[in-house]
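Subject: Structure handover

Hello,

Here is the structure I promised to pass on. Please open it, then read my notes below.

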Amino acid sequence: MTDTAVRWRRPPMIANPWWRAALCLGVGGYLVVAVGSLEINWQRIVAGMPRALEFVQAMAAPDFVSRADQIIDGVLESLTMTLVATVAGFLLSVPVALGAARNIAPAPVYLFCRAIIAVSRSFQEIIIAILLVAMLGFGPLAGVATLAFASIGFIAKLAAEDIEAMDARPLEAIRATGGSWGQVIHWAVQPQVMPRLAGITLYRLDINFRESAIIGIVGAGGIGATLNTAFDRYEFDTAAAILLIIIAIVLVAEYASGMLRARLR
Amino acid sequence: MAVFTKDGEMTWRRRDRRAALQRWITTFAFVAVLMLCWQVIAERTLWDFVLDAPAQGADLLGRMIPPDIAYVQQLWRPLWDTFNMATLGTLIAIVLATPLAFLAARNTTPRFPLVRPIALLVIVASRSINSLIWALLLVLILGPGVLAGVIAIALRSIGFIGKLLYEAIEEIDTKSVEAITATGASPGQLRAYAVVPQIMPAFAGISVYRWDINIREATVLGLVGAGGLGLELMASVNTLAWGRVSTLFLLILATVLVSEWLSARLRAAVT
């Protein structure tokens with residue numbers, strides 16, 4: 001027994017000291033190399049500082065008035081795009097979701113529908129928008145098509161998972177009465193997944209609005225186009241107004257869709 | 001449910017008259033609004049272009065196949081930049097979001113008015129604005145380049161990490177907090193020994209998850225001039241080099257899939 005007091009220490013997160021040292025060294029080395037490759041142009045940053053100041057001032061005194069027409073137009077366009085795209089995405093994703101549920105779809109259909117979901121989820125909205133703008137021309141229709149396509153992956157994936165997790169007994173019961181495929185879907189699947197499907201769609205509505213604010217950068221319409229123009233003209237006060245409107249609408253949409261989803265549950 | 005008597009016979013219907021009417025009106029209003037929205041979009045569309053779309057699409061596909069594979073040689077540097085934007089941006093966001101989350105959580109926020117609302121406001125503002133919009137702004141201020149991308153990623157991620165982290169802090173088990181308080185621990189010790197160990201798994205999971213999303217977002221930030229693969233994409237689209245565009249798509253797809261796989265493995269390991 002020793003007289004010296006034994007002091008308790010917290011055990012380290014990684015037990016092996018060699019691993020600990022190697023990890024620290026690796027992370028440190030990466031940081032040095034990565035920061036070194038940033039190619040920071042200090043002169044440009046110093047030259048840009050007045051603009052940063054200007055933007056902060058603009059945030060404090062946003063200008064809603066002088067480009068009011070364009071702002072209202074852009075917001076309306078974004079909202080209409082959001083609604084139409086979500087409804088279209090919902091209608092398109094229902095068959096895909098049914099096909100992508102392992103418990104009600106045969107294997108070839110399952111694989112095909114899962115492939116659609118994977119493609120739709122892997123590419124960002126803005127990349128799809130570039131392609132669709134090239135195909136459909138500039139304007140909100142390309143935006144609607146983009147958002148609808150992106151919604152398929154989101155809604156169909158979550159809905160398919162929900163169908164796979166549902167209670168199998170009603171399914172069996174309806175089949176036992178001799179119900180056709182359509183009747184099985186209508187009486188056994190639909191009542192079980194509808195509340196959650198509605199919730200998922202509302203959530204996607206929310207996301208679609210946010211995305212509608214950026215796909216305008218590549219020409220697919222909406223408030224993003226207005227915002228991009230404002231930045232291009234260095235009209236920071238108008239840009240600040242648009243940003244505040246986007247934040248407000250996102251908040252309202254999030255709150256409203258949260259309330260509706262809570263009621264649906 | 002409702003039962004009606006008609007000509008002395010009982011018939012069952014799913015809804016009574018009032019519920020049916022209510023439902024009909026709601027549906028009608030919704031369809032009317034939808035049609036109105038569609039009309040706005042239809043008015044702003046050049047239908048000649050749309051009618052031409054199948055031909056355009058086929059043409060585009062013809063130009064995109066085969067992908068320009070040799071072009072990959074020029075893409076290693078942009079790929080490295082993309083990876084750095086996501087990783088450094090996530091690291092900066094973690095450093096800034098952690099104290100913010102402690103200020104925003106109901107059970108750890110200091111007893112000082114206005115601190116919590118301000119922390120929440122910062123989180124909301126950061127979360128509502130997409131990193132592409134942040135990048136648009138930062139490219140004007142800092143000039144085009146990877147730095148603007150790093151900061152854009154960081155600004156967007158602060159809100160995301162902050163929100164999920166403060167929710168995790170609010171959900172901790174109060175028993176160990178009480179136990180540590182009973183030993184006479186200072187607020188700092190309380191945080192270090194009662195709160196932090198409980199949120200550590202959530203913290204690691206959230207950070208890795210956000211890193212994965214950031215890789216995805218960093219691939220397109222270059223579209224507005226913030227460096228990385230997006231910059232090459234914009235250049236290729238503008239010069240109509242569709243073979244290069246499809247190469248970039250394949251590379252972006254591969255990057256996203258690898259980061260998703262990695263993040264899923266890491267998250268499975270920590271939780």
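Start with two helices near the end of the numbering in chain B: α10(B), residues 229-238, and α11(B), residues 242-270. Their axes lie 9 Å apart, and the packing angle is about 155°. Keep in mind that this is a predicted model.

How do the two helices run relative to each other, roughly parallel or roughly antiparallel? An angle over 145 degrees counts as roughly antiparallel, so α10(B) and α11(B) are roughly antiparallel. The crossing of α10(B) past α11(B) is left-handed.

Now look at which residues touch. From α10(B) come Leu229(B), Glu232(B), Leu233(B), Ser236(B) and Val237(B). They meet Arg244(B), Val245(B), Leu248(B), Leu251(B) and Ile252(B) of α11(B). Sorted by class, this contact holds 7 nonpolar, 1 polar and 2 charged residues.

Next, the whole of chain B. How many helices and strands does it have? The count is 11 helices and 2 strands. Chain B is more spread out than a compact globule, because its radius of gyration is 27 Å, well over the 18 Å from the globule rule for 271 residues.

Some overall figures follow. Along the principal axes, the C-alpha atoms of chain B fill a box of roughly 75 × 75 × 35 Å. Buried residues make up 37% of the 271 in chain B. Take the contacts in chain B with a separation of 6 or more: 71% of them join residues 24 or more positions apart.

Best wishes

Definitions and conventions:
Residues are numbered from 1 along each chain as its sequence is written. Chains are lettered from A and ligands numbered from 1 in the order in which they are written. This is a predicted model: local features need pLDDT of at least 70, side-chain atom pairs count only at pLDDT 80 or more; totals for chains, interfaces and linings use all residues. Helices (H or I, at least four residues) and strands (E, at least two) are DSSP runs, numbered from the N terminus. The radius of gyration is taken over C-alpha atoms; the globule rule is 2.2 Å times the number of residues to the power 0.38. A residue is buried if 20 or more other C-beta atoms lie within 10 Å of its own, exposed if 12 or fewer, and partly exposed in between; C-beta atoms are placed from the backbone. Two residues are in contact if their C-beta atoms, placed from the backbone, lie within 7 Å. Axes are lines fitted to C-alpha atoms, for helices over the stretch in contact, and angles run from 0 to 180 degrees between N-to-C directions. Angles under 35 degrees count as roughly parallel, over 145 as roughly antiparallel, 65 to 115 as roughly perpendicular and the rest as oblique. A crossing is left-handed if the near helix is turned anticlockwise from the far one by less than a right angle, and right-handed if clockwise. Ala, Val, Leu, Ile, Met, Phe, Trp, Tyr, Cys and Pro count as nonpolar, Asp, Glu, Lys and Arg as charged, and the others, Gly among them, as polar.
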